[in-house]
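The entries below follow the order in which I looked.

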Amino acid sequence: MTHLWTLLSALLLVSSVAEPLNGPEETANEVLKQTEEEFMKSQVIENAIGNLSEATTSHTPTTSAPSATTNSPSSSLAPPCPGNQVMLESSAGCGCPSGMMLGVGDNCTCPVGYIMEGPAECRDTDECEGERPGACGLHASCTNTPGSYVCSCLRGYLMGAGGCQDVDECALAAVTGLQACEGNAECKNTPGSFTCSCPVGYVVALSGRGCVDVDECSFEEQCRRELGNVCVNTPGSFMCQCQPGFRAEATACVDVDECNESSAVCGGQGVCENTPGSFKCVCRLGYRGNGTHCEDENECAFGGHGCDTNARCGNIIGSFFCQCYQGFNGDGYSCFDVDECAVNNGHCGHNCTNEPGGYSCHCASGYQLDQDAHNCTDVDECSALNGTCEHICVNTLGSFQCSCKPGYQLHIDGRTCVDIDDCKLQNGGCSHGCTNSPGGHVCHCPPALVLDTDNLTCSNVTSCKLRNGGCDHTCTEWAEGRVQCSCQRGWKLDDDLRSCVDVNECGDFTSGGCEQLCANHPGGFNCTCREGYDVRTDDLTKCQPVCDPSCQNYGVCVAPNSCDCPPGYPGVGCSAICSPPCAHGGTCMRWNKCLCPSGWTGAGCHTAVCELPCANGGRCVEPGTCQCPSDYTGTQCLLPLCTPACQSGGRCVDVNKCACVDGWQGARCQIEPVQCQKPCKNGGACVGLNRCSCANGFTGNLCETAVTTPCVPPCKHGATCSPHNTCTCPEGTAGLRCERLTCPVVTTVVSMARAVRKAFRESYVDRCGPLGIQLCTKYRMNQARVYLQAYRVGYKIQCPERSGR
């Protein structure tokens, strides 16, 4: 500690500005040199700076703190001690207690740093008590110790002869080679410390010892970016430079117009638009995309066309057109309906109804529209469902009428017919009985009378000539005007001796002699059989069993669907059975014996026969057809296969091996040679085998044909169709399709007087058009405008000379 104090004191004396060293300059230098050597040897330079404030000095007490122990007198009989002395135990005499010392006279006193407390006791004195600066002075801290105190300097101060003195850290750092402030920071000493300050363009770092560059470009706009400048930070300052896309001219940054300097910066249908510091490519009107790749915009598909709802939108390359639908008039953007019925009733035969975009013809009731959709034809209502008439339908123009058959009358609904009861009116004209019937009536006669030929009166029967004598079947005349009726076979005479009734032959016990079933019918009967049997052809009263299928191979049908078959034919209908069954149209001849068709053989005709054998492991699967392995094909599996197949005319010569032609290369002849026998024209480049990549505007194998895409709608007045569906208008025309005629006027400077004369003379004449002698829009100007235009520049009209002028 003593060594460190000596070293720091020497440094302080050398570096202190307030208290310079006294003595010759040489002595100061020697002292400095010695102190530096000792400082380096001790390797405590950094510790010395860090602990400058910890250097202390102490005041050592002359005596140790007294003990308060006293010895009581050994005997009350001992003689009293002088002053405040006490009788000591170790001796028979008097003395001062431990920790006290004999003072003036015979009294005991406390050592330095203690004060008397009581008759024989010492208490430590706190020298640090009281107001500052106290015992240690300014810039120091005081620490009390038993019998004394210790002074320590505050940080940034060093104990000297006159107390704690300020340490000049800046000077000390310069002498020792250490850096109080880092970098380009400037050190400034302050009482008890130091500060680091930075030059312009820097700020103090967070550590307080270094400097950090100020980025002036990050605080506020320094260089006016709107003028194309950009701020660039530099150590301690900044500078303004031109942004990309600007160039420095004189003292300012000027935007570079990339569109003028490079006309082809945007290809295809892109249009270059200059922007501050850059440019952008946008698509032409009628196209869409990112500017570098533009394609036709289908305005009709995206709904931005503005065509009328009654117009058709037609997309064309780079544009579109609107066309009113049939039945509408207008320019396509505004269409109005045409009332076709207003002219000649729309050529309709009856009624005309106007509709949006058209019209329709309608016929009056009872008529129908012809195929021409204009004329009307009468509808024959009677042809369909008899016009809803019950009996008779009579067609009329535009309608129909219903009528009834005799014996009926028309109902009030005009459609149905009601029967007339003829018997209610004079008994229907019958002499005896009358029976009404639908649409008529029948007259009846009592027995022994017969209806006469008038079908109304009844007469006596005297002959078979009148209504067969009233007999149903046979009438026989006898003498005296008598008649007798008889019936045919299978009938018998009824009780009225005139009518004949059927005889039921199946009603007796013999069933008409039928073996199984008997079916009676008027005048006779038939024998029938039960299910599974048919009537025999040789005896119609007998039945025979039916087998389905019929019994073959001499088998006999003995019961319904039951055959008695000969040996070897146990199948249904006495057919032969083969196992496995005969396939592919084979016929089973006998038990397990198939007759196979041509091309098949083996049991059940399942083995195919190939006249030419299958090679390379192929298998015959159908007559004359081989199933080949994956590497071969052909009728006999003799042709090798290449997978994938050979391209470009190459031939497969072995399994997966191609022989290429015409310069093609590769495992499958897929690599095209770049070889053109004839050179490409019009700037085309050969990109394959006799294949050219053509420049814009040309096509064909050799780029020999110019692309001529017709303009839609077509160009008018002889205009030329140019690329991108645009029209190049000749002089005197204008418009998207050159549909408007204009007056070509070329102004030339002429004398004022001549200009006035020409203007006055030609201002009211018709201008010529671009296609020879034809009228153009009349160009009329008032006199004041004529004078003004003539005075400014004058003008000259260029027209071809009219013939005969």
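I take strands (E, at least two residues) and helices (H or I, at least four) as DSSP runs numbered from the N terminus, and I count two strands as paired if DSSP finds at least two bridges between them. This is a predicted model, in which local features need pLDDT of at least 70 and side-chain atom pairs count only at pLDDT 80 or more, while totals for chains, interfaces and linings use all residues. Residues are numbered from 1 along each chain as its sequence is written, and side-chain values use heavy atoms, with hydrogens and water left out.

Hairpin. I looked up strand 48 (residues 556–559) and strand 49 (residues 562–564), and found them antiparallel and joined by three bridges. Val556 has Asp564 in strand 49 as its bridge partner. Two residues separate the strands of this hairpin, and Asn561 in the turn has a positive phi of about 55°.

Most residues other than glycine have a negative phi, so I checked two exceptions. Gln426 has a positive phi of about 55° and counts as exposed (over 50% relative accessible area, 1.4 Å probe, protein chains only), at 70% relative accessibility. Cys637, with a positive phi of about 60°, is buried (under 20%), its relative accessible area being 0%.
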